[in-house]
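Subject: Structure for you to look at

Hello,

Here is the structure I promised to hand over. Please open it and keep it beside this email as you read.

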Amino acid sequence: METLRTLRARLSDSLAVRVVALSSLWAIAAFIVVGGLISSFYRQTAEAGFEGVVRAQLFNLVNTVAVSETGVLSGSPDLGDLSYSQPLSGWYWEVLPASDNTSGRLASFSLGPGEIAAPTTAEAPFDGQYRRSYEAPGLDGETVYVEEAEVVLDGDNHAARFRVMGNADVVAADVARFNRSLSIYLGGFGAGSILINALAILYGLSPLRRVRQALGEVRAGRSERLSGRLPVEVQPLAAEVNALIDSNRRIVERARTQVGNLAHSLKTPIAVLTNEAASIGGEHGRLVAEQSERMRVQVQHYLDRARLAALGQGTAIRTPVMPSLERVAKVVSRLNPALDLSLSADMDGAVFAGEREDFEEMIGNLVENAAKWAAGRVEVRLNAEGDDRFRVTIDDDGPGLSPEEQAEATKRGRRLDEAKPGSGLGLSIVADTVLQYRGEFRLGNAPIGGLRAELLLPRAVEGTMS
């Protein structure tokens, strides 16, 4: 359910999905309206043509009927349609007396002795020409359209009522067939139009997808700028992004320069204080030397944090992991010849998305801390953690830490054993550095009995590195 909600949110935030959805809804609505209008026009045209045919046959019927001197209706009408000869066809004609001095009845073979009920004049009144039209039930369950007229046949006022009836269900069936065909053709054309429209929109938005991919290349360190041919509408965006990348790079370089200058400017005064403390000697000299060393460590700590803050905005900085791990392991092994330090990896080509100095400082602090407390064994392992991160695990067989001590160990300047040398900033620096790179740093219990330190750091594709 959560995945479905996430997918729905991502789709609703997609510009392509919005444009395609809106254009598709508009196209569907337009095809429905157009289809309805075409169907309505066709129905009106078909009904008007049908009524015109029935009306013309009424006039033809009137012209083929006569009355005798005694007022008897006579004639053999032929309306030119075989439907009037087929029983229960729905097509009928009938001539009835309309005055007292007229008699007889004429009817089509299809009607025979049957009767089609006629409404009263109140329900369907005659017009000024004594004509009217209406619908009535047929003989076989069909609906018939009736054109009716009362006509005076001679000078003796012999009058007759003429009725021609057409099968209205034929028109309804014809309109239904047309609507089905119209739905099929409009549906196919509409689906094709929507598909072509969606492809055109996606093709039109493809430069934005290329810009996103190019930004991903810059972020991953495989490229330093947005490059490639882009449409004129997107080119200003790419130019602004490239200008921002250049400006960002200049800011980072300026911050690094200022940090370096500050380090050099503070290094000499601190060295002078340290030398003077040595010359003073005694308790005062020891106190000055101790405070000078603390100043040096504190200054270095904050300089590192400032450098990391500036570096956090940079891109395209990559460091191969295994060479750095091997260098740190070699140094620590040389300083601790009795230590059994092992290094293993279950992945090849791991690349840290950051500077080599920062990575080696984090690993160096953790490995040195493990070597300091280990009884004789330290294990360093490199593992993949998904597609975009890797894990470095450092285990020792020392006394380890309780959960409360593990939480205290990463606080700045916190030393759990004053007998051991150090400033208490090592794990704090590691935690700060990991935070700058949006990684994770955890302490736990090692399977070999001591402390476990885990680093989860961003992983990049090995390639362009600086």
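This is a predicted model: local features need pLDDT of at least 70, side-chain atom pairs count only at pLDDT 80 or more; totals for chains, interfaces and linings use all residues.

**The whole chain**

The chain has 466 residues, and 36% of them are buried. It holds 9 helices and 14 strands. Take the contacts between residues at least 6 apart in sequence: 63% of them join residues at least 24 apart. The accessible surface is about 26,600 Å². Carbon and sulfur atoms account for 57% of that surface.

The largest nonpolar core has 35 residues. Which of them touch the most other members? They are Phe359, Phe390, Val392, Phe441 and Leu455. Several elements each give at least two residues to this core, including helix H6 (321–335), helix H7 (356–373), strand E11 (377–385) and strand E12 (389–396). H7 supplies the largest share, with 7 residues. As background, nonpolar side chains tend to be buried together in soluble globular proteins.

**A sheet and a helix**

Next, find the open sheet of 5 strands. Its order is E4-E3-E7-E6-E5, and the pairing is antiparallel. Strand E4 (106–107) and strand E5 (131–137) are the edges, so to speak: each pairs on one side only. E4 is joined to strand E3 (residues 92–97) by 2 bridges. There, Glu94 stands opposite Ala107 of E4. Helix H2 (residues 15–63) lies across E3, E5, strand E6 (143–152) and strand E7 (159–167). H2 runs at about 145° to E7.

**Aromatic pairs**

The structure holds 9 aromatic pairs. Why is the pair of Phe50 and Tyr145 tilted? The ring planes stand at 55°, with the centres 5.9 Å apart, so the pair counts as tilted. Phe50 is in helix H2 and Tyr145 is in strand E6, so this pair ties together parts 95 residues apart in sequence. Both residues count as buried: Phe50 has 11% relative accessibility, and Tyr145 has 7%. Ring pairs also link Phe50, Tyr84, Trp91 and Tyr145 into a cluster.

Now look at Phe352 and Phe390. Their pair is edge-to-face, at 6.4 Å centre to centre and 85° between the planes. Phe352 lies in strand E10 (residues 351–352) and Phe390 in strand E12, so the pair ties together parts 38 residues apart in sequence. Phe352 is buried, at 0% relative accessibility. Phe390 is buried too, at 0%.

Best wishes

Methods: Residues are numbered from 1 along each chain as its sequence is written. Side-chain values use heavy atoms; hydrogens and water are left out. Helices (H or I, at least four residues) and strands (E, at least two) are DSSP runs, numbered from the N terminus. Buried means under 20% relative accessible area, exposed over 50%, partly exposed in between (1.4 Å probe, protein chains only). Contact means heavy atoms within 4.5 Å. Accessible areas come from the Shrake-Rupley method with a 1.4 Å probe; for residues, only the protein chains shown count as cover. A nonpolar core is a set of buried Ala, Val, Leu, Ile, Met, Phe, Trp, Tyr and Cys residues joined through side-chain atoms within 4.5 Å. Two strands pair if DSSP finds at least two bridges between them. Axes are lines fitted to C-alpha atoms, for helices over the stretch in contact, and angles run from 0 to 180 degrees between N-to-C directions. Rings of Phe, Tyr and Trp (its six-membered ring) pair if their centres lie within 6.5 Å; planes under 30 degrees apart count as stacked, over 60 as edge-to-face and the rest as tilted.
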